[in-house]
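Subject: Structure for you to look at, with notes on helix packing

Dear colleague,

Please check the notes against the coordinates as you go.

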Amino acid sequence: FRKTLLNCCQQEFEKLRGHGPVRGHGPAASQADAEKANKKKEKATTDADGEEDAKLTKEEAAKIRNDEREAEYARNKVKRHMLGSIRFIGELFKEDLVSSRIMQHCINHLMPNKNAEDENMENLCKLLDTAGGKWESQMMRVGKKGKKEGEANAAIVVKTFETMREITVRPKIHSRIKFAVLDILDLRDRKWKPRMAAKGPMTISEVHDEANLEQIIEAYLEQI
């Protein structure tokens, strides 16, 4: 069971690696982007030549708006799936079904250096929010190989969070990503203890996250 689960987990992470930054996904997104570019090109041509009216008809404008909505929906769907997959990996780690070595592999892929993609940093924040406390605890623990291994692991942990701090002051970083990283650093400063907050109704985003995680778990179980 564990081997099958880990294989499924690896396949899901490889899919995530194949997507790269989430800028679009599938035929709908690609077609919408292409049509949008063509429309801009046609408009620029007609403006330059002055031979045709550059204004779009109502039908064309409506089609472009619809394509843009479909592309945005596809991007959000891929993004939710990625975040759900990353959270699932974190949950497996917390249950000792994934090793700290695999966790470190995921972290290194998502943040190879301070120039990591914003979308990858969002995924990294989700991973550390889910299982960062246990990962750091295991990495700082002296292993069977003794003090030398413990020092090497401690250096990896220190470097990881130093890089995250460097990313927060990176020029032109999206404010949403910046504050997500700062939240993780703040969580670590509190020894991975979340702030006390009154429980209330779930937000729409939280509902989507929970539903997406359940779908991923069901998909994995069907493959077993």
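Predicted model: local features only at pLDDT ≥ 70, side-chain atom pairs only at ≥ 80, totals over all residues.

Residues are numbered from 1 along each chain as its sequence is written, and side-chain values use heavy atoms, with hydrogens and water left out.

Helix α6 itself covers residues 147-168, and because its 22 residues should span 32 Å at 1.5 Å a residue, the 32 Å between its end C-alpha atoms agrees with expectation; the expected span is 1.5 Å times one less than the number of residues. Its buried positions are G150, N153, A154, V157, T160, F161, T163, M164, I167 and T168, with buried meaning under 20% relative accessible area, exposed over 50% and partly exposed in between (1.4 Å probe, protein chains only).

Turning to the pair α5 and α6, their axes come within 12 Å and cross at roughly 155°, the axes being lines fitted to C-alpha atoms, for helices over the stretch in contact, with angles from 0 to 180 degrees between N-to-C directions. The two helices are therefore roughly antiparallel to each other, given that angles under 35 degrees count as roughly parallel, over 145 as roughly antiparallel, 65 to 115 as roughly perpendicular and the rest as oblique. On the α5 side the contact involves M121, L124, L128, W135, E136, M139 and M140, which meet G150, N153, A154, I156, V157, T160, F161, M164 and I167 of α6. By class, this contact of α5 with α6 has 12 nonpolar, three polar and one charged residues (Ala, Val, Leu, Ile, Met, Phe, Trp, Tyr, Cys and Pro count as nonpolar, Asp, Glu, Lys and Arg as charged, and the others, Gly among them, as polar).

For α6 and α7, the axes are 9 Å apart and the packing angle is about 140°, so these two helices are oblique to each other. Their contact is made by V157, F161, M164, R165 and T168 of α6 with K178, V181, L182, I184, L185, R188 and D189 of α7, and by class it has seven nonpolar, one polar and four charged residues.

L187, in α7, counts as buried at 7% relative accessibility and, not counting residues up to four places away in sequence, touches D129, W192, K193 and P194. M103, found in α4, is buried with a relative accessible area of 0%, and, leaving aside neighbours within four places in sequence, M103 is in contact with F93, V98, L127, A131 and W135.

Technical notes: Helix = DSSP H or I, 4+ residues; strand = E, 2+ residues; numbered from the N terminus. Contact = heavy atoms within 4.5 Å.
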